[in-house]
Structures are given as C-alpha cells and as structure tokens.
Amino acid sequence: MITIHRRVGVLAATAALALLSACTTPAPVYTASVENAENLKKLAATSVGEFQLAMSGSGATSISLRADSMVSPVGGNYAAYLAEALRAELSLAGKLDPKSPFEITGSLLKNDIAAGGFSTNSGEIEARFVLKRDGQERYSAVKRAQAQWESSFVGAVAIPKARNQYPLLVQQVLKELLTDPEFVKALR
C-alpha cells in the first residue's frame, strides 16, 4: 500500500522532471501560398538547388520558444526548411522543373522568433537568394521578413502562437523574393 507521503513525493518528482525537460517539437509543415504561386505562374520553370546555413547558434537548427524548442521537420536545419518551402511554392504553381536551366539556391542569414514577451512577440527571417541560368548568376539579393503578433503571459497560449507564425514568416520572405522586379526580370 502506497502512503500519501510516497504519492506526494512521486507527484513532486514527476512535476520537477516535466519542468526540467524542455519540449522539442517540429515546426509546422510549410503550406504553399496561393498568392506566391500566382506570382510564380508568370515566370519560367526552375529547379531548387542547395540552401546553406550562413549562421550558427540559435535559429540554425532550432528556435527557442520559452522553455520549448522548435526544430525543422526537413533536413535537420532551417535552410532546408526554406528550400522545401520554395519547392512547395514552385510545385503549386506548376513551375518546379529539375531539368530547367534556371536554379535557385540560397543561404539563411537570420532566423529567429521571440516568444518571451508577455503581450507581443516577433519574428524575423533573412536569406540570400541566388538565381542562376546554365550556371551563370543572373540575380542575387538578400530578402527579409519581419512580423509581430499579440501574445500572452501564459506559455500554453504564447508558444503555439509563435510556432504557427513561423511558416507565415517564410511565406512573407518568399513573397519578397517573388515580387522583386529584378528577380522577375531574371526569371523570364
């Protein structure tokens, strides 16, 4: 027979372990934007090459969301997530072609979500995109996206809100690329 003291001890130990072990969850799977796909429909088909991490530390392979950690569900890092998001956009538009003379590559420069605020939180992504045709560079530019959203003191509210903002930030940085007149000109 378990005594009340033993039960309280077991419950206390379980609670302490739960607090000490940070939760690691994958970032939401990227969903292509209809608006981005519509922008791509006007352009030539292209392939997506390698995307590199041009950063280290926080944001490269995981993003801290208070006591939680969010990891990329693709390729083990967020440069791979960005490349996969671009593939999803091109695929939705019917413009993903591995045999195309055009290839988009890139590097992730900044990647962060601040989930520690009590009333608002923010996120930022910055990446360099390079477009080549037959191996010759036709376009290279850094694109950046920032967002701010209402948050909460309560982690059970703030953390999921921050996690759900990440794919929207990726959509936004891709929109910056796809609507750049110089990129449009280079991919025609």
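Two strands pair if DSSP finds at least two bridges between them. The legends below use that rule for a predicted model.

**View 1. The hairpin of S3 and S4.**
S3 and S4 form a hairpin, with two residues between the strands. S3 covers residues 62–65, and S4 covers residues 68–71. The two strands run antiparallel and are joined by four bridges. Across the pair, Ile63 stands opposite Met70 in S4. In a regular strand the side chains alternate between the two faces of the sheet. S3 has Ile63 and Leu65 on a covered face. Ser62 and Ser64 make up the uncovered face of S3.

Arg66 sits in the loop between S3 and S4. Its phi is positive, about 60°, although Arg66 is not a glycine. Most residues other than glycine have a negative phi.

**View 2. The three-stranded sheet.**
Three strands make an open sheet in the order S1-S4-S3, and the pairing is mixed. The edge strands are S1 (24–26) and S3, and each pairs on one side only. Neighbouring strands of this sheet are turned by 30° against each other on average, direction ignored. S1 and S4 pair in the parallel sense, over three bridges. In S4, Ser69 is the bridge partner of Thr24. The S3 and S4 pair, by contrast, is antiparallel.

Arg163 belongs to helix H4, which spans residues 155–178. Why does Arg163 count as buried? Its relative accessibility is 14%, and buried means under 20%. Which residues does Arg163 touch, leaving aside those up to four places away in sequence? They are Thr25, Pro26, Pro28, Leu65, Asp68 and Met70. Leu65 is on the covered face of S3. Met70 of S4 stands opposite Ile63.

**View 3. The four-stranded sheet.**
Four strands form an open sheet in the order S2-S5-S6-S7, with mixed pairing. S2 (47–53) and S7 stand at the edges, each with a single partner strand, so one side of each is left without a neighbour in the sheet. Neighbouring strands here are turned by 20° against each other on average, direction ignored. Strands of a sheet pair through backbone hydrogen bonds, either parallel or antiparallel. S5 (residues 102–114) and S6 pair in the antiparallel sense, over twelve bridges. Within that pair, Lys110 has Glu126 in S6 as its bridge partner.

**View 4. Helices on the four-stranded sheet.**
Helix H3 (residues 78–93) lies across S2, S5 and S6. H3 runs at about 160° to S2. H4 also packs on the sheet, touching S5, S6 and S7. The direction of H4 makes about 150° with that of S7.

**View 5. The hairpin of S6 and S7.**
S6 (residues 120–133) and S7 (residues 136–150) pair in the antiparallel sense, over 14 bridges. Val130 stands opposite Ser140 in S7. The hairpin has two residues between its strands. Asp134 lies in the loop between S6 and S7. Asp134 is not a glycine, yet its phi is positive, about 50°. Is Asp134 buried or exposed? Asp134 is exposed, because its relative accessible area is 59% and exposed means over 50%.

**View 6. H2 against H4.**
The axes of helix H2 (residues 34–41) and H4 come within 10 Å. They cross at roughly 20°. H2 and H4 are therefore roughly parallel to each other, as angles under 35 degrees count as such. The crossing is left-handed. H2 contributes Glu35, Asn36, Asn39 and Leu40 to the contact. H4 contributes Gln171, Leu174, Lys175 and Leu178. Together, the contact residues divide into three nonpolar, three polar and two charged.

Key:
Residues are numbered from 1 along each chain as its sequence is written. This is a predicted model: local features need pLDDT of at least 70, side-chain atom pairs count only at pLDDT 80 or more; totals for chains, interfaces and linings use all residues. Side-chain values use heavy atoms; hydrogens and water are left out. Buried means under 20% relative accessible area, exposed over 50%, partly exposed in between (1.4 Å probe, protein chains only). Contact means heavy atoms within 4.5 Å. Axes are lines fitted to C-alpha atoms, for helices over the stretch in contact, and angles run from 0 to 180 degrees between N-to-C directions. Angles under 35 degrees count as roughly parallel, over 145 as roughly antiparallel, 65 to 115 as roughly perpendicular and the rest as oblique. A crossing is left-handed if the near helix is turned anticlockwise from the far one by less than a right angle, and right-handed if clockwise. Ala, Val, Leu, Ile, Met, Phe, Trp, Tyr, Cys and Pro count as nonpolar, Asp, Glu, Lys and Arg as charged, and the others, Gly among them, as polar.
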